[in-house]
Every structure is written in structure tokens, then in C-alpha cells.
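Please examine the sequence and the structure shown below. A short report on selected features comes after them.

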Amino acid sequence: MTAPFPFGDAALDPAAQRKADDAVYRAQLAYLFERSPFYRAKLAAAGMAAAAAAGGLDNIAALPFTTKDELRQSQQEAAPFGTHLAAARNDVKRVFSTSGTTGVPSYIPLTRRDIADWVAIGSRSYSRTGLAAGEALITTYNAGPFVAGLALESFQNIGVTHIPIGTGNTERLVTALKLLKPEAIACTPSYASYIAEWARQHGWDVRQSGMKRIMVAGEPGGGEPDMRRRLEEAWGAKVYEAMGLGDIAASLWGECEAQSGMHFSGAGFVHVELIEPESGRALEMREGAEGELVYTHIRREAAPLLRFRSRDHVRVWTERCSCGRHTLRTRCIGRTDDMLIVRGVNVFPSAIREIVNRFQPKVSGYIAVRPAKKGVKQEPPLKVAVELTPGAAPDAQLAAAIADAIRSALVVTAEIVLLPSGALPRSEYKSKLVDYSEAKAA
Ligand SMILES: [Zn+2]
């Protein structure tokens, strides 16, 4: 079957894709045994002395996971790229980095083919929104050393008129909206919301821009129904969500015009699994299943990873989308890293925001979870600061109704603190949903 969509998107049905991926995966395993000291040692420790012992995709759950901590350790032991570097130094043509939490950046090397593959994957993700040559697009990423730079090359590959603005200059951005009238903008959901608010305060309505597509990524939020509705109303445009992961590919998922979850874009390049985060148990990819995404490169030269824990907690859909594509779809529920455990119950701050947003227009959409102590484990009630819309007065009934909604949906007792409009910080990049400033040592 030939591809009905651009950039090789959904060219094969799932069974045929799986068969093709299995062959590529076996070749990748052979490459790892030959080229990657990291995986040779790791797989040998798991009882696999050669690629044949690891089998194919049907046996992948028997392989050990790879974590970000292991990659950091590998890069400390063998600076700068680690023992998981599988290509010759000369063949590394691009080095991205992530801002490490310890102050030492983590490096992500790419060969020429890796770069082309990432651009191909990203082109699938973004073109699904309907974005095509002939349209103009504003980007707001200060890509710098980060993999977001590859997203910009995907936009170029699609053939759009690219208008890079970056973050930190909303006035320049709004001027570009007025004068250049682009059809699309790529930004975080937080920034899309901030731009609309900033423009309103400066006497202009972004709905006058003629914007068609708001392409959001970088944090959960674009997939939350109420936040999406609010952004679509503020801009008079459609919101499309995309998601990637630095160590795997700049963009791996992207929503189509049906807006019913992000389609997987990595077919032929990356294999994806779903696991239960606590136990690591592989979960069946079935309609509505929830768990953490785990990725395996099946065609990567510089730093191929096996069963990499993404820490992204998602819901998946396996049925064919109304757009005609039959690739796995997903919606991010939250980062496993942001998750709090309140008396044994897993709570994602983004899920709390989703419920609070049902109370619009009384609330502004900005919240902050303020845990009483440091760490993941918390005792109820969980304090949640909720910002009101301009002019709204604090109202005990509203606070009680929000707490009730959170209790019935998430089985968590919350203490709601209503704050006046503008009390919570705005972000041009990602909203911080958890604020530990009131937390005592655990
Ligand atoms: Zn679709």
C-alpha cells in the first residue's frame, strides 16, 4: 500500500509495520553487540551473549530497561558521550545537550543519518496538523543547544515560511502576528495562553491575527480538554499537540486534524512499549490503556537506546483514527517525575489542573500544587492554590466545589486556596505546577 499521507506517514498497516520493524530491530541489536560497549555489558549481565539470544520484538520485554541515570553515569565514566556511543567520533555530526539537573549537561550525539531520520519523524508529526508549504509559521523556541532545533529543520523540510521569534519578546511576537499574519505558531501551551493575555492587556485581540493552527509541545496541557478549549477560544484557532523526548527523537508524536490524540511518528525508526511504572511490567497496547512509555531505537547510529524509560505517563488508543491513519495514538497524562503519592494514590498535578479548569470562567486556569513536605509521598489534604479570573471574589462555595470534584475524580482530599487574578507566576516556557516553597523537610 502506498502512503496516502506525506513523509511516509502511516504507509503500512500495524501488522506489516511490526514485521518490517522486527527485521530492522534485529539488525540494530547486531549493531549494538558489535559497536556499543554499554549494551554489550548490559545484555551480557542479563544473560544474552549475542544478538541471536535477544530474539526479536516479540521478546523485547525480557531485555533490561535503560534509564536517564545510567546514561549520565555512562557519560561520567567515558566523557563526553559515554560507553553507549556506537558510532565513530568522526561520524558524529551534531551534538545536542539537555540541561542536567546536576549542572553537568548530558550530550546527545547524532550522525548524518540520525539527523535525517529525526527530521523525517518530525516532518510526519507536524505535517499531520495540515501544516504545508505555502503557510507561514512563527516559532518561539530558543532552541540553542536543545533538540528542539531539529523541530525547526522539520518545519523547513515541510517547506513552510519559517519566522523564528524565540521567547522573551512578546511584543516582537505580537507585532509579527499583526504584520506577517502567519497561519501557524509553535509554542508551549503556557506561552500560547500568555501571548493571548498579554495582547489583550495591550489592547489587541489575537483572534484578529487570522491564526489557524497553534502547535503546542513541551509540557502537558495542550491535551487537557478545558485548557485546549480556552486556548482555541482565545485565539480563534485549532490547537494541535506534539511530543518528543531528547534522547530518542525531537518529535515522536503529533496530532492530526481530527485532534483525537497524538499519532506515533516513529514507525520504522523507534519501537514503543507501555509499562506499569511501579513494577516495570509490560502492558498490552489496547484501547484506553494507561502507563509509562518505553522507547527502543531500531535505527539509530550514534547513541542507540534499548527500552528507555521516558517517565511520560500516557493513555493510548489503538483503533484507526477518523483521519484514516492507523498508528498508535496517545495523550500525555503527566510526567512520572511530577507525580505525587497522596496516601497511596498517584496524583499528577496536570490532572488536578484539568479538573480545576472545569470551573472556568470563574478560575483563570493557573494553579500551583503546594505540598506540605518535600518528596513524592504526601499526606492529605493536598494544598492547591487556584487563581481566579479578574474581578472574581473568593467564594467558599467555589473552593468546596473544586475540592469535591478533585476528590471524586482523583480520590484525593485537597485544600483549595483561592487567589486573586495575577497572583500565580506566568511562564513564557513551561508552567511549574508544583511549588515546594512551603514544604518542610520530609
Ligand atoms: Zn488522525
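## Basis of the report

This is a predicted model, in which local features need pLDDT of at least 70 and side-chain atom pairs count only at pLDDT 80 or more, while totals for chains, interfaces and linings use all residues. Residues are numbered from 1 along each chain as its sequence is written, and side-chain values use heavy atoms, with hydrogens and water left out.

## The zinc site

The zinc ion has as protein donors Cys 256 (SG), His 263 (NE2), Cys 321 (SG) and Cys 323 (SG), at 2.1 to 2.3 Å. Donors are N, O and S atoms within 2.8 Å of the metal (3.2 Å for Na, K and Ca); water is not among the atoms, so sites may look incomplete. The angles among the 4 donor atoms are 103 to 114°, and the site is tetrahedral (four donors with all angles between 85 and 135 degrees).

Cys 256 is buried, at 0% relative accessible area, whereas Cys 323 is partly exposed, at 24%. Buried means under 20% relative accessible area, exposed over 50%, and partly exposed in between (1.4 Å probe, protein chains only).

## Helix α10

Among the buried residues of α10 are Pro 349, Ile 352 and Val 356. Their cover includes α9 (225-235), β17 (363-369) and α11 (396-410).

Notes:
Four donors count as tetrahedral if all angles lie between 85 and 135 degrees; four count as square planar and six as octahedral if opposite donors are over 155 degrees apart and all others between 65 and 115; anything else is irregular. Helices (H or I, at least four residues) and strands (E, at least two) are DSSP runs, numbered from the N terminus. Contact means heavy atoms within 4.5 Å.
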